[in-house]
Every structure is written in C-alpha cells, then in structure tokens.
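User: I'd like to learn how to read a model like this one. Could we go through it feature by feature?

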Amino acid sequence: MSFQEIKGTLPAGSYYFSGNEAVAEGAIAAGCRYYAGYPITPSSEIMERIAVRFKEVGGVFMQMEDELASICSVIGAVWAGAKAMTATSGPGFSLMQEAIGYAAITETPLVVVDIQRAGPGTGQATRVGSGDYMQAKWGSHGDYQVIALSPWSVQEMYEHSIEAFNLAEQYRVPVFVMGEEAVAHLRERLEVQATVRVFNRVKKHGTPPFGTDSMDGVPPMPAFGEGERLLVTGSTHDEFGIRKTDDPRAHARLVERINNKILANRGKIANTESWYLDGAEVVVVAYGFTARSALFAVELLRKTGKRAGLLRLKTIWPFPEEAIRDVGRSARKVLVPEMNRGQILGEVMKYARCEVSGLNQTNGEIIHPQRIVREVEAVL
Amino acid sequence: MSVREYLRERFMPHLWCPGCGHGIIMNNLIRAIESLGIKKNDIVMVTGIGCSSRISGYLDFHTLHTLHGRALAFATGVKLARPELKIIVPMGDGDAIAIGGNHFIHAARRNIDITAIIMNNRVYGMTGGQFSPLSGYGTLATTAPYGNIYEAFDTVELARGAGASFVARTTTYHVRSMKEIIEKAIMHKGFSVVEILSQCPTYFGRKNKRGDAVEMLKYLKESTAPIGSERKRKNPALIERGIFVEEDRPEYCAEYEKIVEKAQKG
Ligand SMILES: Cc1ncc(C[n+]2csc(CCOP(=O)(O)OP(=O)(O)O)c2C)c(N)n1
Ligand code: SF4
Ligand SMILES: [Mg+2]
C-alpha cells in the first residue's frame, strides 16, 4: 500500500472558504502539482486560486487555449510523473469527453472538477444544476468506468478533492468531483487538519504497465524519463502497451479489466451516509447540494413525528447499489429529489424494490426543503 | 549507434504503403537524433492519429500515441512536468493544421521547447484520401471529387505568424538537408516547426494523377527551391525550402521558472 500521512499545505485550523477555494486547496494538499484549465463560470475561482498558490508550492499552472488542450496536457503531465487536474463546467466537460475515454483506456489517473451549472447548452451559466451525472458516466464512447464524487459542503469539496486524487492513483482511473454551482460559491467553515493521508503512485520496475494477472487488477505505473521506455497508446494494447487492434481477445481483456478493476471494488469505493434511517417509512435518497435541503426537510419531518430518513450518496459512480437495495428493503417509499429530470432516479429504481418517485426541478434554483417536506407528507 | 537500435523491430513490418514518404522522414529523424547523440531515454515522442502518427510505435523512445489533433497539447503537459526531456511531435497535415490547428498556433505562441514535425502529404491518408487544409485549390480528393475550392494554408507563414522561433521547410526528396534541419530544430531552444513535404502515392498521388512515388519525389524536387535562390527568383511559383526563422526568444518553461522564483521571493 502506498498510503502515506504527509504534512498539510495549509496551517491546521478553521478557514472561511468558498467551495471552489476549498477544492483547490484539497488538490494542493493531495500533491497535485500540475493544473491546466480554461476559464468557465462557475468554476473559474478554482484556477484563479491555483494560479496564486502553485507559484508558492512550486507547481505548474497552465491556462490553455481550450478544454481539449487542458485535459490532454493533464494526461501528458501525469505520464511525466505528476499528479494533475483540471476543472470546468458543463460546456467544457462536454469538450473533454474524448480525452476522458483516452484516460480510461490508458489507465491515466487524473482529477476533473466539474462545477455543474444549469444546462443544456450555455443554459444558465451562473445558476445551479446537477445535469452532468449521466455525462460523467457515459460521456465518452465505449465501455469504461470512472469514479464520481458528489460533495455537499465546503468541507467536503476539500475532502473529496483529496480523496479524488487518492482514488485516481489507487485505481488508475479518471475521478470527477461533481460540485454544483451552489456549493462552489457557498462560503462556510472549513476545518483543515495538520496532516493529510495521500496515496502515491505505485511504481514497480520491470512489471508490465498495462496488465495484471487478474481480470480486475491495477498495474503499477511508471513515468517517462525514469528508466523504462514506455509505450502509451489509446488503441487497444496488451500489458506492455503494444497495439493489438485486431485481436479480439486482447480487446475484451483490456475492456473487461478496466471495468472490473472499479466494479469489483465498488464496496470499497462507493460511499453513502445515513440519517434517521431507523424505522424510516419514507427515505429520501439525495446527493450534492440537494442533500442539504433533504436533510433539513427530514429533520423538520422528524420533529413532527413523521418517519422520514435520508440516504446521502457521496459517491455516484460506481453507484452504491448495495445501500440502495437495503433502503428498498426497509422503506415503504423512496423519494429522489434532483436538480435535473431524474438522472439518478432511474439508477435508484434499478435497485430499490419498493415504490420510488422523483422530485425534479430544472429552473436553475436549489430545491427548497419545503418542497421535499410536502412531497414526503403527501405519501406518509 | 546504428539506425536499427532506434527501431522497435518487433513492430515491423510497418503499416506504410510502398513508396510512402513517412518512412523517409522516420529514417532521417533517427539519423538526426543519432548524430546529436541524444539518449533514447531522454526523448518523449508524442503523436496524434494518422498514418504519420504511427511513427511513434516504431521508435524506441518514450512514446505517447494520443488523439487526433491533440499531440501538441499532450506534449505541453509532458514538457512542463519534465522540462529536462526532449519532446518531438511528428504530425500529419490534417492532424497538425486542421483538427489540431488551435493547439499548433498556441504552442507556437508559447514558444515552448518542443519540436513539431509536420509530415505534409496534402491528404488524409489514414482515412482514405479526403482533402486536408494543405491540399490546395484545384486538387482532387474523395471529398473533393470535382476539385477542391479551398486555398491551402502556408504552414511556414502560419507558424511564423503564430510566434514559432524556428521555422523550416524541406521535402522527402532532400534527405541530406532534411536531416540537418531536424538536428537544428531539435537543438533549438523554443518551439521549432519543420514542415516536410511528403508523398502519399496511394491517395494524393493516385487521385491527382501524380504517378508513382518516384514521380512524386521528382515533383517535390522540381516544384521547390532554396530560400532566395536563383531558381526561385526566375520562377516565383516555386515553393521555398530552408530555414525561414531561427531566433533566440524567451522559451516558455524558462519563463515559467523565472515567474515561480519571483513569486517565491514574495
Ligand atoms: C476526433 C477524430 N476525428 C477523426 C478521426 C479520423 N482520422 C484519423 S486519421 C485522420 C486524418 C489523417 O490525416 P493526416 O493527419 O494528414 O495524417 P496522414 O494519415 O495523412 O499521415 C482522421 C480524419 C479521428 N481519429 N479522431
Ligand atoms: S495511405 Fe498514404 S500516407 Fe498512408 S501509408 Fe499509404 S502512402 Fe502513406
Ligand atoms: Mg496527411
């Protein structure tokens, strides 16, 4: 295991930060030393903070010509040995999708922070939305897996940012921090510890960088200039990186492994948080900023003796199937409030064997707790 | 070292058609690197997608075979994360100037220490003979069956205008000067561009009735002339070859380091 406890990059203590500042600080704490991005609302404060802070900690900050260049240069930096990231919002996230597929097939660990705004198209650039979750999962062509985290607070913007790097390095996979405009621009207290637990890339000389004996393993990852001459390609390849573009077995082997290495570890990766689930008849399943409204609503309901609970999804991909199954067994009804037309509702329906309904809002505003209260009361 | 030591011979035979100019470029690129004495481990070759881009598979450096048009963007990340490595980016004309045109001009503007080699066969070889931004007016292609009505970019002028500090053009006919130019480009501190006029007998040649590879090479000899030469003066239609720009200008990685130092001093 390559987990290590290292000294933090901010003095321990309390800070009053925006979500965007926190996510930038989390990345720095995790060891990110290459950032490339292109300005876009509501994510730009991330790159602005990195631009200042990287000069202090000795990282490379690049404002590139577009998001395509941003993520591609991030991949290049990662293969040169750096921990690297980019941040964007919907339109930029769309542009990055081809390179995300490239990162998936080349098993390049990287972090993308997507601060979601109200789409589609240019939509409402300064307003909130949660419309990028399905794109995060399916945005590039072909079969692959990613990890997507859904922070609900400034604290978690910081923590998920660190966690995203740890997961990326551990599983050699693109990891997304799916922030939303509301948490990105929210200012609240952030507690920073003196030390940070980080995962550093596993390097093993002489072992194949693109294959393992098992069908769900993660190979070690060397870097350019460190001795071994590497062959990295986005075409189908064998464990040494050698192109195998008309070998059916090589293709299946690679595709299955890059999927299995995430799915087989779903239990370890997928994270949820339970609130008032004991005896809950109606369970609200929520994520991101909406989970704040949901918790507020559930607490109001509990105060009036209503048996409501909340299951908060901290990880969206891989999907926490098991936790949803459990809730489906214990609750009479599940309600899924979302700032989109039901992207996660469909996933919940797949695994919850009870009545499931959505509460959807696409007006660029956060979902008010009272809406959730009314909806729950109607079915209780 | 011999040429063979730079090749990943286990990947031979290569995919290039008989008579393709890309092999000539690979040969001279190896010879240039060999005479410069750069270690294989100190070179990262980054390519995109195309017949030309497959060069990275055949060469025994660190190689990063990426996405169509994006090689320079990937290369920028590699260079900034490890400035001590030499970065060489061979690209097709479509790869570099159509889909990758934006990255090309911005890499030039940054004057980042990367060597870009444009293997210009005036066609999309890999996808079967569609026109490229360098095909030129009146040429025929599968997607210009009645004649192409686009003017071609002048790669040299484009690179110069965008700020590249080394810009040269040569052809697959002029192998000796090709090797020398590549050597200079690799040693140049800053963004260096070498456009190499090349031949695709399979598509550009056949479609445009340019004959076989030998005929096409002859054409490259006859249609070009050294910069400022007597032949060029007599016949202004000839395409000039040679080194157009070779200037000592602030390089991006060095500038970046200076800024970091300044910031850290506070
Ligand atoms: C995003 C994307 N669009 C299109 C393609 C298909 N494609 C592959 S190579 C190529 C053009 C190659 O032409 P050029 O860059 O001139 O290289 P050549 O094959 O002529 O050496 C195209 C269009 C692709 N791989 N990716
Ligand atoms: S199609 Fe053209 S460019 Fe491609 S290998 Fe054949 S001759 Fe070369
Ligand atoms: Mg071409």
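Analyst: Let's begin at ligand 1: among the 17 residues around it, B:Gly50, B:Ser52, B:Gly92, B:Gly94 and B:Gly125 come nearest. "Around" has a cut-off here: a residue is near a molecule or strand if its C-beta atom, placed from the backbone, lies within 6 Å of it. Before going on, note that this is a predicted model, where local features need pLDDT of at least 70 and side-chain atom pairs count only at pLDDT 80 or more, while totals for chains, interfaces and linings use all residues. Residues are numbered from 1 along each chain as its sequence is written, and chains are lettered from A and ligands numbered from 1 in the order in which they are written.

User: Which element gives the largest share of the shell around ligand 1?

Analyst: Elements first: helices (H or I, at least four residues) and strands (E, at least two) are DSSP runs, numbered from the N terminus. The largest share comes from α4(B), with three residues. Both α4 (93-98) and β5 (123-124) of chain B supply at least two residues of that shell.

User: How do the residues of the shell around ligand 1 divide by class?

Analyst: For the classes, Ala, Val, Leu, Ile, Met, Phe, Trp, Tyr, Cys and Pro count as nonpolar, Asp, Glu, Lys and Arg as charged, and the others, Gly among them, as polar. Around ligand 1 you get six nonpolar, nine polar and two charged residues.

User: Now the chains. How many residues does the contact take from chain A and from chain B?

Analyst: Two residues are in contact if their C-beta atoms, placed from the backbone, lie within 7 Å. The contact takes 34 residues from chain A and 31 residues from chain B. On the chain A side, elements supplying at least two residues include α2 (44-57), α3 (67-79) and β13 (231-233). The most comes from α3(A), with nine residues. That side of chain A divides into 19 nonpolar, eight polar and seven charged residues.

User: How do I read a sheet, and which strands are at the edges?

Analyst: Start with pairing: two strands pair if DSSP finds at least two bridges between them. Nine strands form an open sheet with mixed pairing, in the order β13(A)-β2(B)-β1(B)-β3(B)-β4(B)-β8(B)-β7(B)-β10(B)-β9(B). The edge strands are β13 of chain A and β9 (224-226) of chain B, each pairing on one side only. Three bridges join β13(A) to strand β2 (residues 62-65) of chain B, and the two run parallel. There, A:Val232 stands opposite B:Leu64.

User: What packs on that sheet?

Analyst: Angles need a convention: axes are lines fitted to C-alpha atoms, for helices over the stretch in contact, and angles run from 0 to 180 degrees between N-to-C directions. Helix α6 (residues 155-162) of chain B packs on the sheet, and its direction makes about 170 degrees with that of β7(B). Helix α7 (residues 175-187) of chain B packs there too, at about 160 degrees to β7(B).

User: How is chain A divided into domains?

Analyst: Domain bounds come from an automatic or database domain assignment. For chain A they give domain 1 (3-199) and domain 2 (272-379). The domain centres, taken over C-alpha atoms, are separated by 26 Å. In the contact, 22 residues of domain 1 of chain A meet 21 residues of domain 2 of chain A.

User: Is A:Arg172 buried or exposed, and why?

Analyst: A residue is buried if 20 or more other C-beta atoms lie within 10 Å of its own, exposed if 12 or fewer, and partly exposed in between, with C-beta atoms placed from the backbone. A:Arg172 counts as buried because it has 26 C-beta neighbours inside 10 Å.
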